[in-house]
Amino acid sequence: MLAPVPPLPPLVCTIQTVESRWSGQPIPGIRQLEQQQFRVDRGEKPGIQPETVIDSRLTSLVERFSSSGVEQMEEDRMTYHWSYEASLGALKFNDSGASSRPAQESHVAVSGDLVIDPQKGFELSQQSRLTQSAGTQTLSSLFETAHGTCREQR
C-alpha cells in the first residue's frame, strides 16, 4: 500500500521590484507595492490570497470580481488572471487650468496577470483605469509590472 503524498506547502510570494507608468494625471500615494506579499495555495484546490493579489485601499470596495483561478501549467509553472471594478463615489477633479468640473461618479477598473515560474520567481502585471461619466471618460491609467520571489511556507 502506498503512503499518501503530503500536500504541497503554500507559497508566500514577496514583491521586490515595481515599475509604474501613468497615462493621464498621476494620483499621488495610490499604494506601495514593494514588500507586499500574497499566498499561493497549491494542490487539489489551488488559490491566491488575497484574490486581488495586491492589497490596497480598493480591496474593500471590490465589485464584480472575476478570476481564472490558479492554472497549473507544465513544469510547475502557474498562471492567474483577475479583474474587478470598484465604485469610488462622486469625485471632483480639476482640469488643467483654473476651471473645475462638478463632482461625478467615479469608478476604477483593474485587471492583472500573474505568472510564477518553476524556479519560484514571478512577474505580475496590472492595469488600473480611473473613469467618470459612466466609464466613457478615462481620467488616468496606471500600468504596473512587478517581480519577486516565492518561498514555501513551512
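**View 1. The disulfide between Cys 13 and Cys 150 in the predicted model**. The torsion about the S-S bond of Cys 13 and Cys 150 comes to about 105°, and the disulfide is therefore right-handed. The sulfur atoms of Cys 13 and Cys 150 are 2.0 Å apart, and a search of the whole structure finds one disulfide.

**View 2. The edge-to-face pair of Phe 38 and Phe 122**. A pair of aromatic rings is described by the distance of the centres and the angle of the planes. The count of such pairs in this predicted model comes to two. In the pair shown here, the ring centres of Phe 38 and Phe 122 lie 5.1 Å apart and the planes meet at 70°, an angle over the 60 degrees required, so the pair is edge-to-face. Because Phe 38 lies in strand 2 (residues 37-41) and Phe 122 in strand 8 (residues 121-132), the pair ties together parts that are 84 residues apart in sequence. Phe 38 and Phe 122 are each buried.

**View 3. The stacked pair of Tyr 80 and Trp 82**. The rings of Tyr 80 and Trp 82 form an aromatic pair with a centre-to-centre distance of 5.6 Å and an angle of 25° between the planes, and this pair is stacked. Tyr 80 and Trp 82 are both buried.

**View 4. Strand 6 and its pairing with strand 7**. Strand 6 and strand 7 (residues 104-116) run antiparallel and are joined by 13 bridges. Within this pairing, Tyr 84 stands opposite Val 110, a residue of strand 7.

**View 5. The hairpin of strand 5 and strand 6**. Strand 5 (residues 71-72) pairs with strand 6 in the antiparallel sense over two bridges, and the bridge partner of Gln 72 in strand 6 is Met 78. The two strands form a hairpin with five residues between them, and in the turn Glu 75 has a positive phi of about 55°.

**View 6. The pairing of strand 4 with strand 6**. Strand 4 (residues 62-67) and strand 6 (residues 78-91) run antiparallel, with four bridges joining them. In this view Val 62 is found opposite Ala 86, which belongs to strand 6.

Conventions: Residues numbered from 1 in each chain as written. Predicted model: local features only at pLDDT ≥ 70, side-chain atom pairs only at ≥ 80, totals over all residues. Heavy atoms only, no water. Phe/Tyr/Trp six-rings, centres within 6.5 Å; stacked < 30°, edge-to-face > 60°. Buried < 20%, exposed > 50% of the residue type's maximum accessible area, 1.4 Å probe, protein only. Disulfide = S-S within 2.5 Å. Pairing = 2+ DSSP bridges.
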